[in-house]
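Let's take a walk through this structure together.

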Amino acid sequence: MSRELDILQGVLLDETFQVGLEEVERLCGLDRATLETLVCEGLLPPRGGTPGEWRFSGPEVRRLQRALRLRRAFELDWAATALTLDLLDEIERLRREIRLLKVCGGR
Amino acid sequence: MQYKDYYKILGVNRNASKDEIKRAYRKLARKYHPDVSKEADAEARFKEINEAHEVLKDAEKRAAYDALGSHWKAGQEYRPPPGGGAYGQEFHFDAGDAAQFSDFFSSIFGGMGGGRGHASGAGFRMRGRDEHAKILIGLEDAFHGATRKLQLEVPEVDAQGRVTRHTKTLNVRIPAGITQGQQIRLAGQGQPGAGGGANGDLYLEVEIQPHPFYELDGKDIYLHLPVAPWEAALGATVSTPTLGGPVQLKIPPGSQSGRKLRLKGRGLPGRPAGDQYVILEIVIPPAKDDKARRFYRRMAEEMPFDPRAQLGV
């Protein structure tokens, strides 16, 4: 049991992580039509160029995965999923603001 | 294995209607879904709620579960009858879900492949499901990077389609500069694929432990720094802690409490690195003996100062 385990080096899905359409389809288990719907519903910011040129960042991949989990658990349609995500973002933003106000004492 | 009271988990009666079960599930899911919940045990609770709902929402599965009888108590030692709980029946469920459910569930409804479960079927190639887990790390580890040992429960399907579980240990590199909510993707470390399909991936979502004196915002760090009145009034260079070690911070003369000073690039590393913000907090020495009191009185006499001038009183 003393065998040393190999150290696994994962990929950090931060802002510098960028993938194209095919990779995002694979990472999130989505098809192209659904992904286009999500962009149209405003779940992801609008993309320029042809879908082949679209790039997605790490936080966007997380947002997509989160959307799919919520949609499935609560049987939401895409509009309700987008609304839920927006409200969760807003809660996160407000919590952050409260935290910073507490730290800086309102100054 | 332990008997699971699915009705109790959802908080409904044994004769609850389909609608009542759905409503109870949704209410609990809103409270415990890991994407919306702030509860500490959200992940484990949601898994349990999901499993109970999976069984009770479906008439056939519910009947098979009810057939075990109502004399069982939650947590009671349960030994499945030979051949399984609902022998000869076929159940339909999502293989990825089923693999996450308890041994108790598997003992009634069978495994993922072949056998009584009807999820994958022989010759069906399927990619394993992605797994998501949270990992709690300290701020120092986020700054310097670290290696973490993780233990995960991995479901395995035998030739008879039975699900067994074993514990897998992973040694994972936490990159320096990782921050709250970011994900690390470990390709192929999710659930095993079926019929020669590829393994799923493992996503680790980072949660940073609260620190006794640093506050984190993205890659930026906030710190309250106590200073003496004369340091704030006259200006001074003082030693200030940062995650990378102490630095000398220049306090400009005439600083008030709450003044925010920036130490560029002293936050979490990255491109660009975060900054550290230092918030000054003037602390007055207590007037605890005659000498100190005399000194304060002399200040009052020799240094005319009205802190309430703007209030017009």
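Two strands count as paired if DSSP finds at least two bridges between them, and the strands, like the helices, are DSSP runs numbered from the N terminus (E, at least two residues, for strands; H or I, at least four, for helices). Keep in mind that this is a predicted model, where local features need pLDDT of at least 70, side-chain atom pairs count only at pLDDT 80 or more, and totals for chains, interfaces and linings use all residues. Residues are numbered from 1 along each chain as its sequence is written, while chains are lettered from A and ligands numbered from 1 in the order in which they are written.

Now for the pairing itself: strand β2 (residues 11-12) of chain A runs antiparallel to β4(B), and two bridges join them. Leu12(A) sits opposite Ile184(B) in β4(B).

Stepping back, 26 residues of chain B are in contact with 26 residues of chain A; contact here means C-beta atoms, placed from the backbone, within 7 Å. On chain B's side, the elements giving two or more residues are α2 (18-32), β3 (163-174), β4 (183-186) and β6 (214-217). The largest share, five residues, comes from β3(B).

What about chain B as a whole? It has nine helices and eleven strands. Of its 313 residues, 29% are buried, meaning that 20 or more other C-beta atoms, placed from the backbone, lie within 10 Å of a residue's own.

Note on methods: Contact = placed C-beta atoms within 7 Å. Buried ≥ 20, exposed ≤ 12 C-beta atoms within 10 Å, placed from the backbone.
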